[in-house]
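Subject: Structure handover

Hello,

Here is the structure you are taking over. Please look at it first, then read the notes below.

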Amino acid sequence: MSSVQSQQEQLSQSDPSPSPNSCSSFELIDMDAGSLYEPVSPHWFYCKIVDSKETWIPFNSEDSQQLEEAYSSGKDCNGRVVPTDGGRYDVHLGERMRYAVYWDELASEVRRCTWFYKGDKDNKYVPYSESFSQVLEETYMLAVTLDEWKKKLESPNREIIILHNPKLMVHYQPVAGSDDWGSAPTEQGRPRTVKRGVENISVDIHCGEPLQIDHLVFVVHGIGPACDLRFRSIVQCVNDFRSVSLNLLQTHFKKAQENHQIGRVEFLPVNWHSPLHSTGVDVDLQRITLPSINRLRHFTNDTILDVFFYNSPTYCQTIVDTVASEMNRIYTLFLQRNPDFKGGVSIAGHSLGSLILFDILTNQKDSLGDIDSEKDSLNIVMDQGDTPTLEEDLKKLQLSEFFDIFEKEKVDKEALALCTDRDLQEMGIPLGPRKKILNYFSTRKNSTGINRPTLQPASGANIPKESEFCSSSNTRNGDYLDVGIGQVSVKYPRLIYKPEIFFAFGSPIGMFLTVRGLKRIDPNYRFPTCKGFFNIYHPFDPVAYRIEPMVVPGVEFEPMLIPHHKGRKRMHLELREGLTRMSMDLKNNLLGSLRMAWKSFTRAPYPALQVSETAEETEAEPESTSEKPSDVNTEETSVAVKEEVLPINVGMLNGGQRIDYVLQEKPIESFNEYLFALQSHLCYWESEDTVLLVLKEIYQTQGIFLDQPLQ
């Protein structure tokens, strides 16, 4: 460093009029024509730990420019915070650290990068530290202006960097053990390529995201900490989902973007697995887990058991509270950071996450008035006649002498049903009467249908059967609300917003409802606060189940086929349908020709006087007979057409629209369904068809449609 400064001083003395704030003094010394020095353009990077290895990732061009402007503003960087990545991360310039805003994540180092060297094991370039990059830049500036190359520098790690010429700069690692006796490092070892400026290295730098946010979508994961076959977290998978959406907005909503009608849709992950397994349950499980097949048992405890946790009242309450509170917290924080946001909110769930959201939505209240009205309607359903008073109940139990005690404590029949044994003991009720009272109200509570699907339909006209799930009327069991669809009794939190659409990816909702004892969903039922519901699944997904057959159990019909994002059907599906149609045509034509031949053999003889008439009939008969097979053909094909074209009433769960939407399998997946079964359950994060359907339905609520409707 001192040698570089001395060379700078000699140069400054040789030029009587240097510019103090620029490098023009060096540019005036044109030792070699055409080799003028130009300052390097910095770009900002952040360090990401991937598979226990450090990977330096560039900020997008807009974020890097904002960071550079904040750095070059002349103000103190300490305490300076710059939002990046669409507002999902904050960069603290003074600390040179990047922090996640909406979820928990390890902070990552941030660096202003100008010089890079190629790594050992891969071809990715690693930036030098900011201080050593400045030394390299000053040395490079002297070499260019003085045309004196072969500059040798020593890095803080005692590694040698040699600047041979502007296009050849190398970095030598010292040989292991060369410094043991204090000797200077040599140029031995495999050289690394050194590059100046981000424009000279192979790295993808994306453009920034649109500032305008039109819609907010919360995404809830399924079982386990990993969400795909690469064992990535929900944050990484949602990042892919968001990236696909940004690309599709540019290709399928180009006109709306050019007219500045839309910005983008923000997708934010909601993690419930970590809070669940931080309750200490993992320690309890480890205590009883067998030592054999350790990895498989660990996978079971960490992933598969999440399904059983959700069916446990204790841990189901933890899961539901975590999901609802996280969505409420993130929504509040999002509004604080985006005060101009006027868009709507939707929710999406994958696998078990969709079931969690379904149960939360069915237990929401549209307003406080609805709670009272539902309580009144519920009383009509459950009482079904004259309700005995508390005094009559006590008289029936031969405990009338305790009525004065309850009246003094202002304990009515509803309050008494909530009392515990300790409460009755504190009121002075003896042990025997306490047991009678508790047993009576416990059996009466069970006999009235609590925790069973005995709910009133939305119209309030008829009381459904026990196996029907018809309305949003909730059964109140103390402080616990139960929608009556068979799930465990937990207290479902209230969301502070009304979701517009609920998207379920690879969802087992239909299976869980059936296992809970529900055979049918009333067509009039709809979520109290959510208007839309889309059940999206891959045809080979082993976890996915349909919803529409539970609404219309007596009719068989296919789900809606999701169009390919490039239009039309996939080629192998069209080929399969074409071959099926061709075989049906051949079959119908063959049957028609056989029918004509049979009629010609069985035709009765006509008298001779009617030759002219029979001639006319025989001319017309082939036409009619030839038309009959076509009639049969058209009748059979019209049935298939009617099934596709005629609207099917699938109830109001999705506002009268279809609910089940199936993806088109890829050609390679059609060879073996079992081979791609697991992959098909995890394919939604990078599926353009899935993302495009989500975007299409969201923007349709705003009156914005695709540039070209997909067929």
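One place to begin is aspartate 85, which sits in the loop between β3 (81–84) and β4 (89–92). Helices (H or I, at least four residues) and strands (E, at least two) are DSSP runs, numbered from the N terminus. Aspartate 85 has a phi near 55 degrees, a positive value in a residue other than glycine. For background, most residues other than glycine have a negative phi. Aspartate 85 counts as buried, at 14% relative accessibility. Buried means under 20% relative accessible area, exposed over 50%, and partly exposed in between (1.4 Å probe, protein chains only).

This is a predicted model: local features need pLDDT of at least 70, side-chain atom pairs count only at pLDDT 80 or more, and totals for chains, interfaces and linings use all residues. Residues are numbered from 1 along each chain as its sequence is written, and side-chain values use heavy atoms, with hydrogens and water left out.

The chain as a whole

The secondary structure comes to 23 helices and 23 strands. The chain has 711 residues, and buried ones make up 44% of them. Its accessible surface is about 38,900 Å², and 53% of that belongs to carbon and sulfur atoms. Accessible areas come from the Shrake-Rupley method with a 1.4 Å probe; for residues, only the protein chains shown count as cover. Of the contacts (heavy atoms within 4.5 Å) between residues at least 6 apart in sequence, 70% join residues at least 24 apart.

A patch on the surface

Ile293, Leu296, Phe299, Ile304 and Phe308 form a nonpolar surface patch, with about 500 Å² of accessible area together. Patches are made of residues with over 30% relative accessible area and no salt bridge; like charges are joined within 9 Å, and nonpolar side chains (Val, Leu, Ile, Met, Phe, Trp, Tyr) within 5 Å. A salt bridge is a side-chain nitrogen of Lys or Arg within 4 Å of a carboxyl oxygen of Asp or Glu.

Isoleucine 293 is in the loop between α8 (281–288) and α9, and is exposed at 51% relative accessible area. Isoleucine 293 also has a positive phi, near 35 degrees, in a residue other than glycine. Phenylalanine 308 belongs to helix α9 (residues 294–310) and is exposed, with a relative accessible area of 55%.

Glutamate 266 is part of strand β14 (residues 264–270) and counts as buried, at 1% relative accessibility. What does the side chain of glutamate 266 make a polar contact with? The partner is the side chain of arginine 242, at 2.9 Å. A polar contact is a pair of N or O atoms within 3.5 Å; within protein, one must be able to donate a hydrogen and the other to accept it, and residues adjacent in sequence count only if both atoms are side-chain atoms. Beyond four places in sequence, the contacts of glutamate 266 include Gly86, Arg88, His215 and Phe334.

Phenylalanine 132 is in helix α4 (residues 130–146) and is buried, with a relative accessible area of 5%. Neighbours within four places aside, phenylalanine 132 touches Glu154, Ser155, Pro156 and Ile161. Phenylalanine 132 and glutamate 154 are 22 residues apart in sequence, and their C-alpha atoms are 9.6 Å apart.

Cysteine 316, in helix α10 (residues 313–337), is buried with a relative accessible area of 1%. The C-alpha atoms of cysteine 316 and leucine 276 are separated by 9.4 Å, with the two residues 40 apart along the chain.

Regards
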